[in-house]
Amino acid sequence: MKEKPATVFVVDDDEAVRTSLRLLLKSVGLPVETFASAQEFLDQFDPGRAGCLVLDIRMPGMSGLELQQHLNDRHSIMPIVFITGHGDVPMAVEAMQAGAVDFIQKPFRDQDLIDRINRALEKDREMRGELRERDEIRRRMSQLTPREREVLELVTQGKANKVIAGDLNVSQRTVEIHRARVMEKMGANSLAHLVRMVIEAHRED
Amino acid sequence: MPADLENNDDRGVSTVFIVDPDEAMTRHLAELLSALGAEVQVFTTAAAMLDAPGPAPACVISELELPDMSGIELIAALRSRQVRSPVILLAADGEIATAVKAMRAGALDFIEKPHVDRLLAWHVGRLLEHVTPGDRSQG
C-alpha cells in the first residue's frame, strides 16, 4: 500500500482564508486539505498520515488550542503551525508550551508562511523517521531469546563478559556466543551502537 | 576553559539565578523567590552568570534584553555548556515573534513584565517542590 504524500491540513473557519491558503500551497506544489472546523478535522484525523497542521487559533466551537490538546491526548506527532489574527504573547507561549512548532500572526508574507510550513513538514519527516527506526529496533529486540535479552541487558550496563558469566552462572565462552548473536540480530556494529539502540527502544513514543 | 557551571545531577537544589541589569527588579524578585525557599543569586550580565562557579541552578530567570547578549542567546550559551537548567525569560515589550523564538530556543516560559510575580512564583514553587518534597512554604 502506497503511503499518501505529506499533506498540509488547513483548519480555519474563514472560507476566504481556506481558499487563499489552498491556492498558495498548491502553487508551491504542496498537497492541501482544508477543514472549516476543528471538529471536522478531528473526525477524520488519521495519526498515520504524514504532514503538518496549519491551525487558526480562534474559531467558533472547538478552538485551535483545544484541538491541539485533543491531538496531544491522542499522542499525535503532527507538527502544528498556528495562525492568528489577534493573538497575544501568553496565547503564543501556551501554544508553544503545548508543543506547537510555530505561531504566526496575520497578516504574514506568503513566503514566510511557506518557510514555516516547510520547516514543520521537515520536522514531521524526522519524527516519523525516528518512530520507524524505533519500531525496527523493537522488532529486532523481540526476536532475541530470553537468554539473549538477559545478556543484552547486562552488556549494555557495561558489564564485562567475565562478570556476566558469573551473574548468569554460565561459562565465559557461552556469554561470548550469546553476545555475538545479540550483536548480529540487533544489527549493531559496536557496543556504543547497541547501547544507543537500547536507549532508543526504551524511549516513550 | 574554566570549570564554571557544571552539569551534574547533584545540581543547585534550591538555587535560582536571576539575570537582569535592573536593580529594582532583581531586588523585588529576590525577595519574592527567597520567600519560597529559593537561594537566589543575582547577576547583571550573562557573562557573569555563565562564569559563576558551582553546580547548575534549579532555574534561571533572565531578562530578555541583557547588556551583553539576549536572553535567547543566553539559553543557547547554557545549552552549549551542557547546562540543562530551565530558563524563564522576562520581557518588557513582549512581541509574539520574539516569544515564539524564545520558546523554540527551549525557554520554559516567556513572561511579560511587569506582571511576572504570580507565574514566577508558580514555576519556582514547582521546581523547588520537585527537589525538596513536602517543604513548600504556605501562604
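Buried residues make up 45% of the 139 residues in chain B. The model is a predicted one. Chain B holds five helices and five strands.

**Chain B**

- Along the sequence, the elements of chain B follow the pattern β-α-β-α-β-α-β-α-β-α.
- Take the contacts in chain B with a separation of 6 or more: 65% of them join residues 24 or more positions apart.
- Chain B exposes about 7,200 Å². Carbon and sulfur atoms supply 51% of that area.

**The largest nonpolar core**

- In soluble globular proteins, nonpolar side chains tend to be buried together.
- The largest nonpolar core here has 53 residues.
- A:Phe41, A:Leu53 and B:Phe110 have the most contacts inside this core.
- The helix α4(A) gives the most to the core, with six residues.
- B:Phe110 has contacts in both chains, leaving aside its neighbours within four places in sequence.
- In chain A, B:Phe110 touches A:Val89 and A:Val93.
- In chain B, the contacts of B:Phe110 include B:Leu64, B:Leu89, B:Ala91, B:Gly94 and B:Thr98. Also among them are B:Ala99, B:Ala102 and B:Met103.

**The largest pocket**

- Rolling a probe the size of a water molecule over the atoms shows where empty space is left.
- The largest pocket holds about 340 Å³ of space.
- It is lined by 20 residues, and the closest to its centre are A:His75, A:Ser76, A:Ile77, A:Met78 and A:Met127.
- Two helices of chain A, α3 (64-73) and α5 (110-142), each supply at least two lining residues.
- α5(A) gives the most to this lining, with five residues.
- By class, the lining of the largest pocket has 10 nonpolar, five polar and five charged residues.

**The second largest pocket**

- The second largest pocket holds about 260 Å³ of space.
- Its lining has 14 residues, and those closest to its centre are A:Pro90, B:Phe110, B:Ile111, B:Glu112 and B:Leu119.
- α4 (89-97) of chain A supplies at least two residues, as do β5 (109-112) and α5 (117-131) of chain B.
- The largest share, six residues, comes from α4(A).
- By class, the lining of the second largest pocket has seven nonpolar, two polar and five charged residues.

Methods. Residues numbered from 1 in each chain as written. Chains lettered and ligands numbered in written order. Predicted model: local features only at pLDDT ≥ 70, side-chain atom pairs only at ≥ 80, totals over all residues. Heavy atoms only, no water. 1 Å grid on protein atoms, 1.4 Å probe; cavity = no way out; pocket = protein on both sides within 12 Å on 5 of 7 lines; lining within 4 Å. Points joined across faces, edges and corners; volume = space filled by probe spheres on them. Helix = DSSP H or I, 4+ residues; strand = E, 2+ residues; numbered from the N terminus. Nonpolar A, V, L, I, M, F, W, Y, C, P; charged D, E, K, R; others polar. Core = buried A, V, L, I, M, F, W, Y, C linked by side-chain atoms within 4.5 Å. Buried < 20%, exposed > 50% of the residue type's maximum accessible area, 1.4 Å probe, protein only. Contact = heavy atoms within 4.5 Å. Areas by Shrake-Rupley, 256 points an atom, 1.4 Å probe, with all protein chains shown as cover.
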